[in-house]
Amino acid sequence: MATINQHYWNLKESYLFSEIAHRVNAYQAAHPDAHIIRMGIGDVTLPLPPAVIEAMHKAVDEMAHAETFRGYGPEQGYDFLKDAVKGYYEKKGVELQPDEIFISDGAKSDLGNILDILGLDNTVLVTDPVYPVYVDTNKMSGRSIFFAQATEQNGFLPLPDPHLTADIIYLCSPNNPTGAVYNREQLKMWVDFANQNESILLFDAAYEAFVSEDLPRSIYEIEGAKTCAIEFCSFSKTAGFTGTRCGYTVVPLDLIRQETSLNKLWLRRQTTKFNGVPYIVQRGAAAVFSPEGQKQVQENIDYYRRNAKVITDTLDKLGIWYTGGKNSPYIWLKCPRSMDSWSFFDFLLEKANVVGTPGQGFGQCGEGYFRLTAFSSHELTQKAMDRLYSILR
Ligand code: MLT
């Protein structure tokens, strides 16, 4: 008899955002006239920037002619896109080798897939609250997970604790879900800690483009990071690729464990299990780094920032505590009237037809908090905040 991976029994029945979608769909079915505004999952609403569309159209035409048609591409990505990513890092003062950059179909897949090259007996440290992918993917392979508490007291930015070490450490900055961002000194503490313990830092930089203050946007801005950290990044939130799918992972050549190059292992894994991102999509992604593309992406980010301001202005008026929104598309607020996260979710859905994400869904330390995203349209963000104001004032 075939057996199954029984670690799946340790997972919650459904992934957080599937659970929310399920509840919202059930509510909509029962209230067909309700105009629900979705500020739950961090999905973008602005279309792909014109520079991206233009590059993709051109690539489609290339695929139509035998002379320019492309079949299998390099599993780790085309040079034109890797060079563009390299140039982007140079602007942040980070020097990378092209071979250290791996183009993928997004940060979420790579954050899960990277575990293929790490030992099953590794222990894992995540912050709580946490992006559920880090926890669920490790539960799927049966690893032991420890939680570093992120609280209002530590600004939702836990620092290394010598009593809480692990082989694999996840950091997300700007943070999903709290919007908190580590500064250079704090990240240096994590890098030193990881190097001392020979741990590996898995650094999720998916929201780096939202940093507006003088804060680090890559772990490699920190000295020593190349011997302990792998960085994951994505075009999803920056350039609207949530449905188009493209991201990149940096595995430094200097990252060695058990006398083995993690870069070589990842290359081996990718060439075996992955056929690369479609040429058309990679051409679109490369256009993000053109001067035009950068300008257009910045305009989109500014648009979402203005939404964040609409949200935080409303919370200010209501006297509700929050963090995030400044260097991040997420606003993390304290549930009003001492409601717990899911009660506030139901309250907001029923009374205002607005959907957010209950903090508890990101971990126990998220209980009593709630996440709103700035990714909706201006019009709907304003409407949602008017509704929020009218039920809570
Ligand atoms: C979120 O809402 O946390 C994100 O959209 C999830 C993701 O990027 O996978």
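These legends walk you through close-up views of a predicted model.

View 1. Let's begin with an open sheet of seven strands, arranged in the order E2-E8-E7-E6-E5-E3-E4 with mixed pairing. Strands E2 (101–104) and E4 (145–149) stand at the edges; each has a single partner strand, so one side of each is left without a neighbour in the sheet. On average, and ignoring direction, neighbouring strands here are turned by 25° against each other. If you like to think in hydrogen bonds, strands of a sheet pair through those of the backbone, either parallel or antiparallel.

**View 2. Strands E7 and E8, with helix H3 lying across.** Now zoom in on strand E7 (residues 229–234) and strand E8 (residues 247–250), which run antiparallel and are joined by four bridges. Helix H3 (residues 79–91) lies across E2, E7 and E8, and runs at about 120° to E2. In the loop between helix H7 (236–239) and E8 you will also find Arg245. Arg245 is not a glycine, yet has a positive phi of about 70°.

**View 3. The surroundings of the ligand.** Which residues surround the ligand? They are Phe17, Ile41, Gly42, Lys108, Tyr131, Asn176, Tyr207, Lys237, Tyr330 and Arg371. Several polar side chains can be picked out here. For Asn176, a side-chain N or O atom is 2.8 Å from an oxygen atom of the ligand. For Lys237, a polar side-chain atom lies 2.9 Å from an oxygen atom of the ligand. Arg371 has a side-chain N or O atom 2.7 Å from an oxygen atom of the ligand.

View 4. Asn176, one of the residues around the ligand, is joined to Pro177 by a cis peptide bond with omega of about 20°. Pro177 has its place in the loop between strand E5 (168–172) and helix H6 (184–197). Another cis peptide bond runs from Asp128 to Pro129, with omega near 5°. Look for Pro129 in the loop between strand E3 (124–128) and helix H5 (132–140).

View 5. Strand E12 (residues 330–334) and strand E15 (residues 369–373) run antiparallel, with five bridges joining them. A handy landmark is Lys334, which stands opposite Tyr369 in E15.

**View 6. Helix H11 against helix H12.** How do these two helices cross? Helix H11 (residues 341–352) and helix H12 (residues 378–392) pack at an angle of about 105°, with their axes 10 Å apart. That angle makes H11 roughly perpendicular to H12. From H11, the contact takes in Phe344, Phe347, Leu348, Lys351 and Ala352, which meet Arg387, Leu388, Ile391 and Leu392 of H12. Sorted by class, the residues of this contact are seven nonpolar, no polar and two charged.

**View 7. Helix H10 alongside helix H12.** The axes of H10 (residues 291–318) and H12 come within 10 Å and cross at roughly 10°. The two helices are therefore roughly parallel to each other. On the H10 side you will see Tyr303, Arg306, Asn307, Val310, Ile311, Thr314, Leu315, Lys317 and Leu318. They meet His378, Thr381, Gln382, Met385, Leu388, Tyr389 and Leu392 in H12. This contact has nine nonpolar, five polar and two charged residues.

Notes
Residues numbered from 1 in each chain as written. Predicted model: local features only at pLDDT ≥ 70, side-chain atom pairs only at ≥ 80, totals over all residues. Heavy atoms only, no water. Axes fitted to C-alpha atoms, helices over the stretch in contact; angles between N-to-C directions. Parallel < 35°, antiparallel > 145°, perpendicular 65-115°, else oblique. Contact = heavy atoms within 4.5 Å. Nonpolar A, V, L, I, M, F, W, Y, C, P; charged D, E, K, R; others polar. Pairing = 2+ DSSP bridges. Near = heavy atom within 4 Å. Polar contact = N/O pair within 3.5 Å; in protein donor to acceptor, adjacent residues only side chain to side chain.
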